[in-house]
Amino acid sequence: GSISFPVRVIPRASQSEIVGEHDGALKIKIAAPPVDGAANAELIKLLASEFSVSKSDVQIIGGETSKKKRIKIRNLSESRFREVTR
């Protein structure tokens with residue numbers, strides 16, 4: 001199956017990490033700046049790593065140029081999602 005969820009991205013952080021939940025969205029700090037898709041690429045890389053899926057399984061389905069994005073991850077169970085975002 002797949003899971004989609006909202007994220008709130010904070011670019012130019014000291015390190016890339018999932019911070020927790022904020023206003024119903026997953027709050028994620030990204031070390032890359034929001035220039036030429038660098039932050040989006042880093043976001044995909046981080047989510048793939050954290051959820052143990054391939055980068056091709058992670059897709060930005062909304063908010064490509066916004067701090068608020070919608071993410072879809074294939075091959076991810078609800079239990080694994082909860083485990084990582086806890």
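Which residues do ring pairs link into a cluster? Ring pairs link F5, F51 and F81. The legends below describe close-up views of a predicted model.

**View 1. Aromatic cluster of F5, F51 and F81.** The structure contains 3 aromatic pairs. In one of them, the ring centres of F5 and F81 are 4.8 Å apart and the ring planes meet at 45°, so this pair is classed as tilted. F5 belongs to strand β1 (residues 2–10) and F81 to helix α2 (residues 78–85), so the pair ties together parts that are 76 residues apart in sequence. Both F5 and F81 are buried. F51 joins F5 and F81 in the cluster through ring pairs.

View 2. With a relative accessibility of 36%, S77 is counted as partly exposed. A polar atom of the S77 side chain is 3.1 Å from the backbone nitrogen of R80. S77 also comes within 7.6 Å of I3, C-alpha to C-alpha, although 74 residues separate S77 and I3 in sequence.

**View 3. Salt bridge between R74 and D57.** This is one of 3 salt bridges in the structure. The closest N and O atoms of R74 and D57 are 3.9 Å apart. The bridge links distant parts of the chain, with R74 in strand β5 and D57 in the loop between α1 and β4 (58–62), 17 residues apart. The two partners fall into separate accessibility classes: R74 is partly exposed at 34% relative accessibility, whereas D57 is buried at 10%.

View 4. The backbone nitrogen of R80 is the atom that lies 3.1 Å from a polar atom of the S77 side chain.

**View 5. Polar contacts of the S16 side chain.** S16 is located in the loop between β1 and β2 (17–22). A polar atom of the S16 side chain lies 2.9 Å from the backbone nitrogen of A31. The S16 side chain also makes a polar contact with the side chain of E42, at 3.0 Å.

**View 6. Positive phi at R12 and S52.** Most residues other than glycine have a negative phi. R12 is not a glycine, yet has a positive phi of about 60°. R12 lies in the loop between β1 and β2 and counts as exposed, at 58% relative accessibility. S52 also has a positive phi, near 55°. The place of S52 is the loop between α1 and β4, where S52 is exposed, with a relative accessible area of 57%.

**View 7. The largest pocket and its lining.** The space in the largest pocket is about 180 Å³. Its lining consists of 13 residues, and those nearest the pocket centre are P34, A39, N40, E64 and K69. Helix α1 (residues 38–51) supplies the largest share of the lining, 3 residues. By residue type, the lining divides into 6 nonpolar, 4 polar and 3 charged residues.

Technical notes: Residues are numbered from 1 along each chain as its sequence is written. This is a predicted model: local features need pLDDT of at least 70, side-chain atom pairs count only at pLDDT 80 or more; totals for chains, interfaces and linings use all residues. Side-chain values use heavy atoms; hydrogens and water are left out. On a 1 Å grid over the protein atoms alone, a cavity is a set of points where a 1.4 Å probe fits but cannot get out, and a pocket is an open set with protein on both sides within 12 Å along at least five of seven lines; lining residues have an atom within 4 Å of a point. Grid points are joined across faces, edges and corners, and a volume is the space filled by probe spheres set on the points. Helices (H or I, at least four residues) and strands (E, at least two) are DSSP runs, numbered from the N terminus. Ala, Val, Leu, Ile, Met, Phe, Trp, Tyr, Cys and Pro count as nonpolar, Asp, Glu, Lys and Arg as charged, and the others, Gly among them, as polar. Rings of Phe, Tyr and Trp (its six-membered ring) pair if their centres lie within 6.5 Å; planes under 30 degrees apart count as stacked, over 60 as edge-to-face and the rest as tilted. Buried means under 20% relative accessible area, exposed over 50%, partly exposed in between (1.4 Å probe, protein chains only). A polar contact is a pair of N or O atoms within 3.5 Å; within protein, one must be able to donate a hydrogen and the other to accept it, and residues adjacent in sequence count only if both atoms are side-chain atoms. A salt bridge is a side-chain nitrogen of Lys or Arg within 4 Å of a carboxyl oxygen of Asp or Glu.
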